[in-house]
Amino acid sequence: MSMELDAAPPEESAVAEDGVWLECIETGEQYAPFDEIRYRSDAGGLLEVRYADLPDFDDFAERGSAGRRAQSDDPSSRGVWRYADALPVDREVTIDEGDTPLYEVPRLEEELGVESLRVKHEGMNPTGSFKDRGMTVGVGVARRLGVERLACASTGNTSAALAAYGARAGMETLVLLPAGKVAAGKVAQASLHGARILEVDDNFDTCLDIVQELADRGEAYLLNSLNPFRLEGQKTIGLEILEAFRDDYGRFPDRIVLPVGNAGNTAALFKAFRELVTAGALEVDQVPKLTGVQAEGAAPMVEAIEEGREGIERWETVATRATAIRIGNPVNAPKAIPAIRETGGTAVAVSDVEITDAQRSLAEEGVGVEPASAASVAGLRKLREEGVVGSEEDVVCLTTGHLLKDPDAAAAAGADPEPVAGDTDAVLEHLAE
């Protein structure tokens with residue numbers, strides 16, 4: 001991979017009528033995107049969606065203003081579908097996803113001692129996580145392909161989003177979850193939206209192995225982040241960050257810090273930035289440093305970055321309270337490792353204690369997130385202490401899921417309720433104590 005996309009013309013047989021094709025990141029093999037269902041190249045490599053025409057910021061601006069939800073009643077002028085010119089299908093299966101807040105967090109900014117700190121809170125999407133961005137595109141592609149059953153493996157958020165968007169599209173949805181290892185709030189979402197839920201007596205990576213095999217047998221359409229179309233929706237996170245930060249500060253952020261599970265967001269943001277560089281809308285030296293954060297108990301990406309390896313070694317046993325990133329075999333590592341290295345970023349592992357401390361710090365700013373989301377702030381704290389992140393840097397931390405995704409973790413991190421008798425004097429006496 002390189003910062004600029006290959007400008008070589010595609011094979012005519014591989015290009016859809018709207019100028020879209022699939023390309024292997026390793027071999028350059030090209031495939032028509034909608035003639036058949038495929039998740040990898042014939043050589044087994046990961047695929048990326050390619051476009052004959054790449055839009056720039058001016059093209060996006062024609063649809064509306066980034067981060068200005070109240071200024072337009074046209075849903076295609078905001079959120080994910082504001083960036084339709086950079087997506088492979090038209091807006092069809094949508095619940096008004098995207099256009100999430102880029103919060104100021106002044107106390108955290110002062111504590112960490114950076115030039116500026118903003119928090120991009122993806123928990124404010126319709127089902128409470130960034131996964132909605134990928135599903136609006138992925139389920140739209142599934143409908144175009146004419147599939148009947150959607151499926152995913154999940155640590156929770158993917159299943160909630162797929163169930164909601166599958167329901168919106170009127171499609172059968174199957175989700176495989178590691179038994180006893182998914183937060184109750186996320187299971188409840190998938191259940192209420194009508195998904196068929198299978199609890200597998202093993203970890204997430206085994207669930208994904210099974211779903212991939214089901215997809216290979218033609219039993220379901222896979223909508224994990226191995227699917228290149230899903231990452232197209234997620235790349236709009238990066239586009240929103242760049243536009244909103246530029247509007248507020250007149251410049252782009254130096255660094256984006258994000259939690260890493262399957263590494264789909266790391267790959268997606270890198271692709272968004274490469275497309276802008278290729279289109280001439282962004283200079284290479286303006287691309288933010290992508291910095292990944294994993295929990296210490298599930299950190300194969302960090303291990304690979306620290307050891308200078310090109311690929312990861314699968315962790316068979318993973319353990320962290322940050323359930324959304326409890327993954328030992330990130331399928332998008334071949335895209336995400338170059339993303340970190342070529343942008344000048346890094347990767348760091350943090351403890352569950354550090355994650356909980358960061359969750360509390362965000363809550364003190366009024367930003368409620370699940371544990372995995374807080375990993376980005378915990379990682380920034382650690383990198384500032386180590387001197388890896390400089391005081392002159394403009395930083396954006398990505399928080400990926402809402403506090404209510406994991407209410408048990410939130411309750412454990414918060415203060416305990418205090419029993420009191422049922423009259424005003426008793427309340428006042430208790431407060432005085």
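Helices are DSSP runs of H or I with at least four residues, numbered from the N terminus. With that naming in hand, welcome to a set of close-up views of a predicted model.

**View 1. The whole chain, before zooming in.**
The protein has 15 helices and 13 strands. Its radius of gyration is 21 Å, close to the 22 Å that the globule rule gives for 433 residues, so the protein is as compact as a globular protein of that length. The C-alpha trace spans about 80 × 50 × 50 Å along its principal axes. Of the 433 residues, 60% count as buried. Among contacts with a separation of 6 or more, 70% join residues 24 or more positions apart.

H12 covers residues 352-364. At 1.5 Å a residue, its 13 residues should span 18 Å, and the end C-alpha atoms are 19 Å apart, which agrees. Which residues of H12 are buried? They are Ile-355, Thr-356, Ala-358, Gln-359, Ser-361 and Leu-362. After H12 comes Gly-366, with a positive phi near 85°.

**View 2. Helix H10 and its cover.**
In H10, residues 300-307, the buried positions are Pro-300, Met-301, Val-302, Ala-304 and Ile-305. Their cover includes strand E11 (289-295), helix H11 (333-342) and strand E12 (347-350). H10 is followed by Gly-308, whose phi is positive and near 70°.

**View 3. Ser-129, in a loop.**
Ser-129 sits between strand E5 (116-121) and helix H3 (131-145).

**View 4. Gly-170, a loop glycine.**
The loop between helix H4 (157-169) and strand E7 (172-178) holds Gly-170. At 67% relative accessibility, Gly-170 counts as exposed, because the cut-off for exposed is over 50%. Glu-148 is 22 residues away along the chain, and its C-alpha atom is separated from that of Gly-170 by 9.6 Å.

**View 5. Asp-99, with a positive phi.**
Asp-99 is not a glycine, yet its phi is positive, at about 55°. Where does Asp-99 lie? Its place is the loop between helix H1 (57-61) and strand E4 (102-104). With a relative accessible area of 9%, Asp-99 is buried.

**View 6. Ala-263, with a positive phi.**
Ala-263 has a positive phi of about 70°, although this residue is not a glycine. Ala-263 is found in the loop between strand E10 (255-259) and helix H9 (264-279). The relative accessible area of Ala-263 is 3%, so this alanine is buried.

Notes:
Residues numbered from 1 in each chain as written. Predicted model: local features only at pLDDT ≥ 70, side-chain atom pairs only at ≥ 80, totals over all residues. Heavy atoms only, no water. Helix = DSSP H or I, 4+ residues; strand = E, 2+ residues; numbered from the N terminus. Rg over C-alpha atoms; globule rule 2.2 N^0.38 Å. Buried < 20%, exposed > 50% of the residue type's maximum accessible area, 1.4 Å probe, protein only. Contact = heavy atoms within 4.5 Å. Expected span 1.5 Å × (residues − 1).
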